[in-house]
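Please consult the sequence and the structure shown here.

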Amino acid sequence: MSYTKHIVIIGGGFCGSITAVNLMKNANSPLKITVVNSGGPFILGVAFNSYTSNHLLNVAAANMSAFPDDMAHYVNWVKGKKEYSEYETELLSKTFLPRNLFGEYLRDTWETTMASKRSDVEVNVVEDYVTDLELMQNNSVKVLLKSGSPLIANYVVLATGNSLPRNPHIANMGYYASPTYFRNPWNINSVSNLKPEGDVLIIGNGLTMVDTVTGLLEQGFKNKIYSLSTHGFGVLPHRHFGITYTGLAKELQTRYELYRLVGIVNKHIKKVRKLGISAGPVIDSLRPYSQRIWESLTLEEKKKFLSRLRHLWGVARHRLPVFVYDLIQKLRLDGQLIVHEGKLTNITEQENEVIVSFYNSKEKDNESISVQRVINCTGPETSIFKTLNPLLKKLAEKGIISSDPLELGINTDIKTFKVINKEGDSFGNIFTLGTNLKGLLWETIAVPELRIQCKQLSKVLLEACEKDK
Ligand SMILES: Cc1cc2nc3c(=O)[nH]c(=O)nc-3n(C[C@H](O)[C@H](O)[C@H](O)COP(=O)(O)OP(=O)(O)OC[C@H]3O[C@@H](n4cnc5c(N)ncnc54)[C@H](O)[C@@H]3O)c2cc1C
């Protein structure tokens, strides 16, 4: 006898909500979908719930559609808004728009899809926290909630997304309980209610540092902002945005040894520099091939990449709109933003100040600075054993999920999105996507890759529902 299948999606950020949208759009038979979300606003997640419109997307509008088969979807939506209607579509496509505008787009997309779905597709969004999963004999899964009654699902999707950053190791780990420490850099509290006296330390020197600096300035902060990172690489701008470079892609093969690939990339960077063009277009041209390249590297090469090239790649890949970059440069020239390269060694508190000690790699000396606040901008933690997400920790302890070999996320069969348990088997009814696949795919954290996964996973789920009828 056939009965309505129930898909429970844990996490209602981009991945969870757009997977649900794809399910709603493509379901051919009755279906029940429950999205359980807690800890962040539904659909927006931390990424698209910015506290200011000055936090911009780091991907141009042309590449931010929620649907891989309708690439103009986002730009058309923007163009349809009164405040953007006067701009040419071509121009809008090339802009880096506010992240909270993108959040509005996702909300609208959700509502439009809900309004047009089949009436026998039931969708519920539950505000609750999933604490555990229990595998049942008939292959279904009991989803335990913090406050509500358990749900019984035929299929479960772990769309748990971004965790808070890891606390860097320091001698006095107890400091991290202090109210002067802000582990969540995406919350407005991290930049508000500062005292008139005293500087601020930002740990990290990437795009989140830039967001935080923007937030601090908006709050009227006038004192010094220190940024400390192990490599001290400065953030780079999109200097030659809009130029398409195809030379490198033509030379890519199915399998490369890591350093041979680096050699080829460098050769192409040198080639474009002769024309006065920055490395940006060469780096961007790798994006469609990044997952394939990553998969073709050996485990040893991936480890080499992580230990020697990861930070360099991060700087080359995650760039800023030029005018934001100019602001950062001006702050550095004015002496308000001071970027240090080094290793954080300790943080202690004295009466009215926080003393930060670090080894300055450039000066080759131990230094300390006095600040009123420390903000962690080192980026989301992905390891399932180190994450603050209790559900992932629990599932890992029970062996229902396991780490990928690089311990960057969840071990998964990337063709079917099924998680692989401690014994090396995939249960067949628990799936994951997004950041959780970082160790397996590397390039799996932003919309251009996530929208493809949402679509593919919804197809896998609908096929499974059909097969299990
Ligand atoms: C600050 C920032 C800026 C970014 N900017 C861009 C950009 O400009 N362009 C781009 O393409 N990408 C950007 N990204 C990448 C971005 O993360 C992804 O595009 C996308 O938002 C990730 O969505 P997600 O659903 O995987 O995770 P999230 O948005 O993190 O959503 C996961 C949700 O699941 C919830 N959750 C977790 N565990 C449970 C549980 N056990 N029970 C219930 N709920 C749970 C979480 O609280 C959260 O609400 C940015 C990321 C960040 C952090």
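## The open sheet

Two strands pair if DSSP finds at least two bridges between them, and strands are DSSP runs of E with at least two residues, numbered from the N terminus. The model is predicted: local features need pLDDT of at least 70, side-chain atom pairs count only at pLDDT 80 or more, and totals for chains, interfaces and linings use all residues. Residue numbers start from 1 along each chain as its sequence is written.

An open sheet of mixed pairing is formed by seven strands in the order β8-β14-β9-β10-β11-β12-β13. Its edge strands, each pairing on one side only, are β8 (181-182) and β13 (365-371). Within the sheet, β10 (residues 225-229) pairs with β11 (residues 337-350) in the parallel sense over five bridges. L228 has H340 of β11 as its bridge partner.

## Helices α1 and α4

Helices are DSSP runs of H or I with at least four residues. The axes (lines fitted to C-alpha atoms over the stretch in contact) of α1 (residues 14-26) and α4 (residues 99-116) come within 10 Å and cross at roughly 25°. The two helices, α1 and α4, are therefore roughly parallel, a term for angles under 35 degrees.

Residues are in contact if their C-beta atoms, placed from the backbone, lie within 7 Å. On α1 the contact involves F14, S17, V21, M24 and K25, and on α4 L106, T109, W110 and T113.

## Domains

The bounds come from an automatic or database domain assignment, which gives domain 1 (5-56 + 98-163 + 382-467), domain 2 (173-236 + 320-376) and domain 3 (247-317). The C-alpha centres of domain 1 and domain 2 are 33 Å apart. Six residues from domain 1 and eight residues from domain 2 make their contact.

Methods
Axes are lines fitted to C-alpha atoms, for helices over the stretch in contact, and angles run from 0 to 180 degrees between N-to-C directions. Angles under 35 degrees count as roughly parallel, over 145 as roughly antiparallel, 65 to 115 as roughly perpendicular and the rest as oblique. Two residues are in contact if their C-beta atoms, placed from the backbone, lie within 7 Å.
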